[in-house]
Amino acid sequence: MKALRGIAVSPGYANGNVVVYRSPMLDAVERRTISTDEVEGEFKRLCAALDRAIEEVSVVRQQVAADVGESEASIFDAHAAMLSDPVLKDHVHVGMRENLVCAEVALADEMQAFAKGLASSGNDYMSELAMDARDVGNRLLRHLSLDEGKSPLAELPPHSVIFARDLMPSETVGMDRKNVTGIATESGGPTSHAAILARSLAIPAVTGLNGLLDSAASVSICLLDGARGSLVLDPSDLQRRRFVGRRRKFELSQSLMRLMEREVCQLRNGTCVKLLANINQGSDVDLVGEHNLDGIGLYRTELMYLSAHSAPSHPIQSRHYNRAAAACGDNPVTIRTFDFAVEKHPLFLSVDPSSSLELRGLRFALRQSRLFKSQLRAIVRSAKKFPNLRILFPMVTGWWELKEALDLVKVVSEEEQLEHKMPIGAMIETPAAIFALPEIIEQVDFISIGCNDLAQYTLAMDRSSPGQTISECSLHPSLLRAIRQIVETADRENCPVGICGEAASDPIMAGIFVGLGIRELSVSPARAPVVRYTLRHLTLAEAKRAADCAIHADPSAAMGELQTIFPPELRSILAMGSRV
Ligand code: PEP
Ligand code: MG
């Protein structure tokens, strides 16, 4: 028996079988030695992986050329050339033979050395190729690790609890969800994209579990507590009994909250709050009706691109948008245009891992203008049938880029003969956007606060590192004051303002946001019952008191004080593991 403590990122209890998943990366290849007799078998595996990777790159290239453009597609010529280079095959073969290591290790050694040589060449073009070399190496590793091209996460035994160093969004998206009962990772913060996906799929998850993979050797059963952030390996009978007791209480509290699902989301004094959904993929739209939500406040469209080998065509995209719009009736459906990041970018876009802040939000979309315009066209085409669609631009930092994006929407709307003007919003998730707020508000119909990134960039805290829970970092007075300032400016200008960061899915933070003046919360659908239940037990005066208290408190002590402001019947429910 061994217990590990981490950060709770998705509440719930999982009792299951340990499945260790190691994501293939050039810099984290496990060294496996082989005998002389195994060299040729490994070489065959390498050749098969090379063939599959070459085929994949050629398909991707064709699709990118057709859907995005020739110049974007040409990047894959360099990839194809590297993969087809006989020197690569020879060097890896020699590496296996001389060092008696498996194909993965010999490949990683070769590609790392090759990339290092390119990077230190002092020539800009060669340095850029270093990034391509790493990309090609990771692609090959993935093919080496795949059994007949299938991800090891695509088919899992029932009751699997995934143990991983970290999970990329594309890995989480491709998981065999019906058989995953829990996720445990060594890294990844509470607002990391994998944590967001786990929450939206209602899969209990804990991150920040130091030494997880080392401890997992020879362990088969575990108990994961996604409310407290703990994990017990090979539990004793007593631990099992306690776990079952806690799980029962949690399930009871969840059923109690679900009884209120059909009620409107309003405070005890009658103040109405709109509760919308954050969705990540097409199948999530069914959760909007299931949880009686007032529409979709954030549709993270980039995930649609992650699982594709080429940019999705207009009809494919429109099908997703139409489905979401139809599921919401007259309620708004907010399509957030793609917001790629280093940890969530499509296979068909090559990305330098060292340029993490280049690859974000509207700035990046404007640079990928064909891809961006193609998405706008698909949205506009859907809007012709579904006037409840609205557009939201991510990570806006200044009025000029917003203007460029709005001009594009105008051009596409004219080309597509859209007869109405679509409502357009800007995400406020950087300090720059707060300083530029008056100019931003002047140009848009609504704003949405992305407090995951706003916290990251205001508090200098990496959202992908496990450190604190969502509510711990969201309680920072400077972040709350920033949010209050945004709400006051928006109210003055009559601009609707909502919040769609993960903190809105935490019941206490939701109460505080309402106390700060927000009347539209967009949450992970699975979290809607606890948020609705909490708000229905709170008065506006209590919510304001909670906001005032938090805005002046030391964040590490605030939670205790806040709990006393919340009515007693809520306190006991919230204590049963409903926080994030
Ligand atoms: C945010 O940053 O708060 C947000 C909602 O966007 P994302 O989590 O997709 O970056
Ligand atoms: Mg964001």
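Which side chain has an N or O atom 2.9 Å from an oxygen atom of ligand 1? Select Asp 453, whose side chain supplies that N or O atom, a pair that falls under the definition of a polar contact (N or O atoms within 3.5 Å). The protein buries 100% of the 290 Å² that ligand 1 exposes when taken alone, with areas from the Shrake-Rupley method and a 1.4 Å probe.

This is a predicted model in which local features need pLDDT of at least 70 and side-chain atom pairs count only at pLDDT 80 or more, while totals for chains, interfaces and linings use all residues. Residues are numbered from 1 along each chain as its sequence is written, chains are lettered from A and ligands numbered from 1 in the order in which they are written, and side-chain values use heavy atoms, with hydrogens and water left out.

Next, select the shell around ligand 1, where 16 residues surround the ligand, Arg 336 and Asn 452 being among the closest; a residue counts if one of its heavy atoms lies within 4 Å. Show Arg 300, where a side-chain N or O atom is 2.7 Å from an oxygen atom of ligand 1, and then Gly 450, where a polar backbone atom is 3.3 Å from a ligand oxygen. Colouring by class gives 5 nonpolar, 4 polar and 7 charged residues in this shell.

Finally, move to Asp 109 and Arg 31, whose side chains form a salt bridge at 3.1 Å, N to O (a side-chain nitrogen of Lys or Arg within 4 Å of a carboxyl oxygen of Asp or Glu). The two residues are 78 apart in the chain, and the structure holds 25 salt bridges.

Note on methods:
A polar contact is a pair of N or O atoms within 3.5 Å; within protein, one must be able to donate a hydrogen and the other to accept it, and residues adjacent in sequence count only if both atoms are side-chain atoms. Ala, Val, Leu, Ile, Met, Phe, Trp, Tyr, Cys and Pro count as nonpolar, Asp, Glu, Lys and Arg as charged, and the others, Gly among them, as polar. Helices (H or I, at least four residues) and strands (E, at least two) are DSSP runs, numbered from the N terminus.
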